[in-house]
Amino acid sequence: MAGIQLVGVNKRYGGTEIIPEFNLEIESGEFLVFLGPSGCGKSTLLRMIAGLEPVSAGQIRIGGQDVTASAPGERDLAMVFQHYALYPHMTVRENMAFGLRNVNVPAAEIDRRITEAARMLELEGMLARKPIQLSGGQRQRVAIGRAVVKEPGAFLFDEPLSNLDAALRNRTRVELARLHQRLKTTMVFVTHDQVEAMTLASRIVVMNRGRIEQMGTPIEIYRKPATRFVAGFIGSPAMNFIDAIPVAAEADCIKVRLADGTELQTGVPTQAARKDAKLVAGVRAESLTLDDASPVRGRADVIERLGERTLVYVTLSNGHSVVAQAHRESPVASGDLVGLHFEPEHVHLFDEAGLAWHAA
Amino acid sequence: MSARQHAGRRMGDHLILAAVMVLALLWIAPLAWVFALSFKPNAFLAQHTDVVLGAPYTLKNYTDILGTSSVFRWIANSCIVSVTQTLLTLVLCSLAGYGFARTAFPGQKALYVFVLAGLAVPEQAVVIPLHRLFADLDLHNTYSGLILPRLAAPFGVFLMTQYFKAIPKDIEEAALLDSTPRWKIFLRIVLPLSIPAQATLGIFTFLTAWNDYLWPLISASKPDMYTLTLGLAATQSNFAQSEGIGYLMAQAVFAGLPIFVIYLFFQKHIVSAVAGTTVR
Amino acid sequence: MCICLMKPGLPGMPHKGAAMTTTLSALPAAARASSQPKVKGVQHWSNALFVLPFVLVYIALLVVPVVTGLWLSLNDVDVLSGDRAFIGLANFARLWHDDIFRGAIRNTFLFVLMTTPAFVALGLALALALNRQDRVGTALRTIFFGSSVLSVTIVTLVWRLVFMTDKGLLANVMHSLGLASINPLTSSALALPAIALVTVWWIIGLPMMLFLAALQQIPEEIYEAAAMDNAGRWRTFWSITLPQLRKTVALVAIIEVILQFQLFGQAQLMTNGGPNNSSRPLVQFIYEAGFQQWALGYSAAAAQVLFGLMLIGVALQMWISKRGQTQSGEST
């Protein structure tokens, strides 16, 4: 088990800076997820930790040791690749044994580890098969098994679930969570899928354009997104954003006028926010409910009944479209005129720089 | 599409296929004719070459080949030259292909362009300097003399480089994380994965070496050092005076049949090797 | 198919050999090194050992001979005495006035003009007819490709027997049709066409296979859409298939031009350039000048002419395949 520190890590390709100075401390035993859209630098970062990508500047420490100049094999890491990267000409057993033989682990110990990993990952009947004879889910488990037998200081995962179908992805997600509980080894996981990040991570690092947008537990990031980017990236359906102008502050909290002309009382403390002329109000569907008494009105055009709840797409009088949540058996129908109730304590405000202000 | 149109199209398909079949018969007619007549006595052939089926039959033309000619020596030479050239080409091109595709060293890109430029050089442009060079080294009429020149052809390097580039990189990265040294990655991971390309390059090199004509004609002047291809040319040179038509025909069959049988066995590989490699 | 010989290089790419071996923490700014967009690990001299064996052979047996050949073409070389004299472009001037050489050039071009259209048209026709996944298709493809694996000496032996005066297969057929038999190899009008015919017979398999590979790249849905649009056989061919094959047609044509420019064995073995020099190709001229008359400088000069013609062909080939790539964006 080992913690990982990135100190002033920087990555450039030619003249372009992919990752500006990057500092992060990954604690021993934590499940850390790098989350971000494709091209945000999260995979590059993981590959730099693995030693597969040279670092342009800065230092990487694993378990307190400076490994910046070490070869990938010397870093006490195991990695699960996006396309698994199994050796196609070797059997499952050989795939798992290869890395151990390279560092002269005794044969008996290799056998012990493979047997244990095979039992844990339900690969017992497949040790003599070649990767091509396995299904996608089985290959995935072999890739994980190949990492597990190395008993590394930390695991690295590069979007390992993106090639599985939806059902298998859910199952493997749960298996990975179990694996982490059982091994308690540091895991660093890269994904663009917010559901994977929310469910697996003890801590999420949301990245955009090579920079950290926000770092925190899944609930912190969901409840209090630090920026408009994070707010829009996390959560499904995506957060509603409505242009807003602050009007004379009443009591302690900011009041804004929404783009359709109605006024909205938020829970954001007045003294917290900068006095920008233009703001954006953000509210998730779950905090935007149907209420015929509300002055904010619009026409429901699409109704999505998901079973446990109902999503209502509402077009406001100014043409702006938002999505609200209704009870699962709500009688609302397409074409209805509806009122929308904002829960003031769940309304976020974003200033022109994209920074967020939350209710106290 | 109406039923009538459909039927018309079906008819057309059949007509086209029939025409191609007739063409195919014309295509194999020369080979079939030579094959059939090679089993007839020379005396009979001096009178008739239009009677293909029916008696008389003889194997004498073939026993004559076995008994009198140097054909076995030539076959042995062809085997030695083709096999050695193939193995050496595979070794050189695999190493170079890996070096260009999967490693980095200063000047690599320029060197690769420099090597690929050799693809544009036709064999005929270098035979005269090569002949002089090999004369100076006293290598004419030796196996080395027959084998060496084609080892310089950059095509195999191009093929292997392209192939190595297409092997997913993460497999090599997984090996790096498995503490595998560079030479072991090449031998244990990359080389086994490149077997299809090795087969293609191997077949192509073997066929080219086996059928090569110009360089052996220039380099091997002693009949003892002829390859089969060259030896067959020598027996044709007194074609006009030859009364033994059946003997010539038997020679053509004898020389062509082995390679043709190999073709039937490895057809898929050979087709992809030849078709895939001519487009250099 | 893949022709990617001359992908544009990355401009101004620096070589930083020691990027990884430096510990960066102490002096980050000084140690900062840019790396290639496609990182292949660390640049290191020792990696060049992989390519060294081939490169040595390549330089010794190809690069040096090319340069020597160029030099020889500017010299008058006497093989017996070993004397050599620099004579500038005199060999080329002599070639210009040499009727045999001019004839050889003419024959070579004629031969290319005869064979290339045949290879393209017949190869395409066969590919269209045999683009089927059944046993009949496989068997017929085997036949048409099969002759390609035979060596030139077997092919010429078979066809000299076929063309034999009075007793050959051709003579037999003409007799049975009541026609007077001829041996085309003894006629100055027919020798070169006969060699062209044999060459097409020999290696029609190659263009056929190239066209087949290209045909299989055309998505089946396009044909299904065309069928829904009531396109007949010819309409489908002209409006769907041929436009999709445009690049392949150009490529096959130029490949055949390059290959057929190197005509040698068939002509040398079947007619030895005759009758009356009517079928002597350029390569045979080079061979005879170099290895029968031992006029090495003169022969080398003729070889440079061939080299130049081939370079034009190769340049065209690359231009076409590159243009096709940028135009259609298809990966080849």
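This is a short talk on the chains, an interface and some side-chain pairs of a predicted model.

I'll start with chain C. Chain C has 332 residues, and 51% of them count as buried. The secondary structure of chain C comes to 14 helices and two strands. Take the contacts in chain C between residues at least 6 apart in sequence: 67% of these join residues at least 24 apart.

UniProt, in an unreviewed entry, lists a domain, "ABC transmembrane type-1", at residues 105–317 of chain C. In the model that span is 75% helix and 0% strand.

Helix H7 of chain C covers residues 169–176, and its buried residues include C:Leu169, C:Ala171, C:Asn172 and C:Met174. After H7 of chain C comes C:Gly178, with a positive phi near 80°.

Also in chain C, there is a salt bridge between the side chains of C:Glu288 and C:Arg280, at 2.8 Å from N to O. Are the two partners buried or exposed? C:Glu288 has a relative accessible area of 9%, so it is buried. C:Arg280 is at 10% relative accessibility and therefore counts as buried too.

Now chain B. The UniProt record, again an unreviewed entry, places "transmembrane region" at residues 15–36, 110–131, 143–164, 185–207 and 245–266 of chain B. I looked at two of these. Residues 15–36 of chain B are 100% helix and 0% strand, with the end C-alpha atoms 30 Å apart. Residues 110–131 of chain B are 55% helix and 0% strand, and there the end C-alpha atoms lie 29 Å apart. I'd ask you to look at both spans on the screen.

Next, the interface of chain C and chain B. On the chain C side 106 residues are in contact, and they meet 100 residues of chain B. The two chains bury about 9,000 Å² between them, and carbon and sulfur atoms give 76% of that area. As for polar pairs, 15 residue pairs are in polar contact across the interface of chain C and chain B, with both residues of each pair at pLDDT 80 or more. Which element of chain C gives the most to the side that touches chain B? That is helix H2, residues 52–72, with 15 residues.

How many salt bridges are counted between chain C and chain B? The count is one. The partners are C:Arg233 and B:Asp13, whose side chains meet at 3.0 Å, N to O. B:Asp13 has 37% relative accessibility, so it counts as partly exposed. C:Arg233, at 31%, is partly exposed as well.

Over all chains, the search finds 25 salt bridges. The side chains of A:Arg12 and A:Glu17 form a salt bridge at 3.9 Å, N to O. The cut-off is 4 Å, so this pair is within it. A:Arg12 is partly exposed at 24% relative accessibility, and A:Glu17 is partly exposed at 40%.

Back to the C:Glu288 and C:Arg280 salt bridge for a moment, at 2.8 Å. Apart from that pair, there is a network in chain A, in which salt bridges with shared partners join A:Glu109, A:Arg112, A:Arg113, A:Glu116 and A:Glu151.

One more residue in chain A is A:Gln59, which sits in strand S4, residues 57–62. Its relative accessible area is 10%, so A:Gln59 is buried. The side chain of A:Gln59 makes a polar contact with the side chain of A:Arg61 at 2.9 Å. It also makes a polar contact with the side chain of A:Asp66, at 2.9 Å.

Last, the cysteines. How many disulfides does the structure hold over all chains? It holds zero. A:Cys40 is at 2% relative accessibility and so counts as buried. A:Cys253 has a relative accessible area of 22%; buried means under 20%, so A:Cys253 is partly exposed.

That is what I have on these chains; I'm happy to take questions.

Note on methods. Residues numbered from 1 in each chain as written. Chains lettered and ligands numbered in written order. Predicted model: local features only at pLDDT ≥ 70, side-chain atom pairs only at ≥ 80, totals over all residues. Heavy atoms only, no water. UniProt positions renumbered as here; feature names shortened; annotations may be inferred. Helix = DSSP H or I, 4+ residues; strand = E, 2+ residues; numbered from the N terminus. Disulfide = S-S within 2.5 Å. Buried < 20%, exposed > 50% of the residue type's maximum accessible area, 1.4 Å probe, protein only. Contact = heavy atoms within 4.5 Å. Buried area = accessible area lost by both parts, 1.4 Å probe. Polar contact = N/O pair within 3.5 Å; in protein donor to acceptor, adjacent residues only side chain to side chain.
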